[in-house]
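Colleague: Please take a close look at one part of this model for me, the aromatic side chains and what surrounds them. Numbers and cut-offs are welcome.

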Amino acid sequence: MKKVILFTNMSSIKKHWQNALVGSYETVSVESFEELLEYLEKYDERVALMLDEMSVHNIEEALLKLKKCPHAIIMIFNALPEVYHASTLLGSGIKGYENSYINKENLLKMLSSVEEGNNWLFADLTYFIINKYMQNKKRGEPEFISLLTEKEKDIALMIADGLSNKEIAQREKIALSTVKGHIHHIFEKANVTDRISLALKFK
C-alpha cells in the first residue's frame with residue numbers, strides 16, 4: 001500500500017479524502033504547513049501530497065517552499081476551483097489540480113495517473129488551456145491521424161478545439177457513452193492519456 005500525505009485543516013475535506021482512500025493507500029494527515037515541511041524533510045522517499053489550497057495562506061509561497069522537497073508529488077485541491085487561477089499555478093511543478101470533493105473513483109484514477117508521471121487537471125481547466133493556448137495555433141496533421149476512423153478523426157479535432165464530451169455528443173447526435181468510447185480509442189491510437197496531450201499533437 002502506497003503512502004499519501006493529506007494536508008488540510010478542514011475536517012470535512014480530510015474525512016472525504018480518508019474515506020475515499022481507505023483500503024487503497026496509507027494516509028498521513030497534517031494540519032500545519034510547518035509540520036508538513038518537517039515531515040517531508042524527514043521522509044525522503046517518493047510520496048504523493050494532496051494539498052488543500054484553502055488551508056495555506058499563500059499558495060505561491062507554499063509551492064516555493066515545497067520545491068525543496070522534489071520527492072513530493074504535489075496535487076492541489078480547492079473546494080471552489082477557478083480555471084484562470086489554477087492555470088497560473090501549472091508552472092510551479094504541481095502534478096494535478098482538482099476539486100476538493102472529487103469522487104472516490106476519480107481520485108483513485110488521479111493518484112494512479114500522477115504516480116505514472118502524468119498530469120491531472122479538472123475538466124474545465126483542461127478546456128480552458130486548450131482554448132486559450134492551443135486553439136489559435138496553426139494546426140498540423142499528426143502521424144496517428146491515419147489510424148483513426150472518420151468519426152474518430154472528427155472527434156479528435158473537436159477535442160483539439162476544446163469541446164467537452166457533452167458538446168461533442170450534442171454536435172454528433174450520439175450518446176455520451178459512445179463519445180467516451182471513441183475518445184478511449186483515440187487516446188490509445190494517439191498514445192496519450194489526456195486531452196491536453198492530444199491537443200498538443202495538433203500543434
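How many aromatic pairs does the structure hold?

Modeller: This is a predicted model, in which local features need pLDDT of at least 70 and side-chain atom pairs count only at pLDDT 80 or more, while totals for chains, interfaces and linings use all residues. Residues are numbered from 1 along each chain as its sequence is written, and side-chain values use heavy atoms, with hydrogens and water left out.

There are three aromatic pairs in the structure. Rings of Phe, Tyr and Trp (its six-membered ring) pair if their centres lie within 6.5 Å, and planes under 30 degrees apart count as stacked, over 60 as edge-to-face and the rest as tilted. One of the pairs is Phe7 with Phe33, edge-to-face, at 5.9 Å centre to centre with 75 degrees between the planes. Phe7 belongs to strand 1 and Phe33 to helix 2, so this pair ties together parts 26 residues apart in sequence; helices (H or I, at least four residues) and strands (E, at least two) are DSSP runs, numbered from the N terminus. Phe7 is buried at a relative accessible area of 0%, and Phe33 also counts as buried, at 12%. Buried means under 20% relative accessible area, exposed over 50%, and partly exposed in between (1.4 Å probe, protein chains only).

Another pair, Tyr39 with Tyr43, is stacked, at 5.6 Å centre to centre and 15 degrees between the planes. Here Tyr39 counts as partly exposed at 21%, whereas Tyr43 is buried at 19%.

Leaving aside neighbours within four places in sequence, Leu49 has contacts (heavy atoms within 4.5 Å) with Ile5, Phe7, Leu36, Leu40, Leu66, Ile73, Ile74 and Met75. In the largest nonpolar core, which has 27 residues, Leu49 is among the four that touch the most other members, along with Leu36, Leu40 and Leu66. Among the elements that give two or more residues to this core are strand 1 (2-7), helix 2 (33-42) and strand 3 (47-52). Such a core is a set of buried Ala, Val, Leu, Ile, Met, Phe, Trp, Tyr and Cys residues joined through side-chain atoms within 4.5 Å.

Next comes Thr8, in the loop between strand 1 and helix 1 (11-21). Thr8 is buried, at 1% relative accessible area. Its side chain makes a polar contact of 2.8 Å with that of Asp52 and one of 3.4 Å with that of Ser55. A polar contact is a pair of N or O atoms within 3.5 Å; within protein, one must be able to donate a hydrogen and the other to accept it, and residues adjacent in sequence count only if both atoms are side-chain atoms.
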